[in-house]
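Take a look at the model below with an eye for its cross-links. We will go through them together.

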Amino acid sequence: GSRVFSPESVGGLPFTETTVADIFGRHGYATGGLGKWHLGIGEHGEYLPIHRGFQSYFGIPMTQNECVSKPRLNPEGFGPCPIFHNATIAVQPADVPDIDAKYVDNIKSFITENQDRPFFFYFASHHTHLPQFASSQFLNTTKRGIFGDSLAEVDWSVGEILQHLKTLGLDKDTMVVFSADNGPELADFDKGGSAGPLRCGKGTTYEGGMRVPGIFWWPGVIPANTLQYNMASTLDIAVTMFSIAGITDLPSNTFNDGLDITPILKDVHADPVRDVMFYYQGHMLMAVRWKSWKIHRWSTGAPNCNGYFDDVCWTKKITWHDPPQLFNVEHDPPERKPLKGPQYHAIHQKFYEIMVEHNKTMTFKPSEIDKGNNIKNIPCCSPGCTPFPKCCHCGAL
């Protein structure tokens, strides 16, 4: 079944979960959200960002392949793409190819309005998820085709935001983090991105599916033009931000998986903060990394890699490895050369000890996605219209 919430989903981010915006808001920060939201909508919009700690929200709470845009990016979907302003649909359908300029205007306005107080802003761009798109300003402007055009528009939007911070004199007081949620959609070949030398892509627990960009910008604090080779995770971003902000009174049941990576941001020669990472698919612990070593207990391909030249990436059979496959991902980033022999016994034993301790800490709650779907949950600015949801049309930006 689906591993993400759809516009029809009954469930969403559980209300027992505390968001980063919740924490910052409680400590006097202005909080804003922009762009894609994929943590549920709900029958009455109860899962939207405006109800989850964000004091303002502007965006499309789904991926553009889940709705029909104007002009049509996706001929099928859960009705026309809605742009929400807070909890209200401002326009439907959205003109997705022209959305970036509106998003940039929104974040600039937020920063300007809150320049005299601390703020936290979350911008989730729709690029470079399928289907790829670009505005007329960037369409057919790169050698990389529509994927390159899409990426160029991301680059432009980030540049606009950074320049606005500089113009207002806020750049030395603001940390900006750029990252992504998964590797490339290899099933779409040149339109889906590339993991370079890393093996496989989105949906797999090989490095090509899990490693993503991690770019931190804070002039005068984080050294510019430096590379940090120590391991870190997007799980660490929230805890690091709280540490920098001096926020220590965190709920005891949240953010326990993150580590404060401030030392390795400020000093490229600092000792590692994180030396272990766990790779899951659902409830299944597929792989573990410790320092430069990584083991695959289980492996499987993913539909996101269908047709890729490496059939390991898309073969859906789940394979149990006994003993686990062992790689040194610093020496062998593509995970092509499993290491075997008695000389690696101590390393396998270390992984066993890590997994035993980890499993003691793990509990799994009932799945929100398994609550199922209800077509009535599809956002519609003209409720009661027919034929639903194709009839949902209103507004203009």
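Predicted model: local features only at pLDDT ≥ 70, side-chain atom pairs only at ≥ 80, totals over all residues.

Cysteine 200 and cysteine 313 are joined by a disulfide, with 2.1 Å between their sulfur atoms; a pair of cysteine sulfur atoms counts as a disulfide when they lie within 2.5 Å. The torsion about this S-S bond is about -80°, so the disulfide of cysteine 200 and cysteine 313 is left-handed. The pair connects distant parts of the chain, 113 residues apart: cysteine 200 sits in the loop between strand 6 (176-179) and helix 4 (207-210), and cysteine 313 in the loop between strand 10 (293-299) and strand 11 (319-328). Helices (H or I, at least four residues) and strands (E, at least two) are DSSP runs, numbered from the N terminus.

Residues are numbered from 1 along each chain as its sequence is written, and side-chain values use heavy atoms, leaving out hydrogens and water.

How many disulfides does a search of the whole structure find? There are 5, including these two:

| Disulfide | S to S | Torsion about S-S |
|---|---|---|
| cysteine 381 – cysteine 394 | 2.1 Å | -135°, left-handed |
| cysteine 385 – cysteine 391 | 1.8 Å | 70°, right-handed |

Cysteine 381 is partly exposed at 22% relative accessibility, whereas cysteine 391 is buried at 16%.

Definitions and conventions
Buried < 20%, exposed > 50% of the residue type's maximum accessible area, 1.4 Å probe, protein only.
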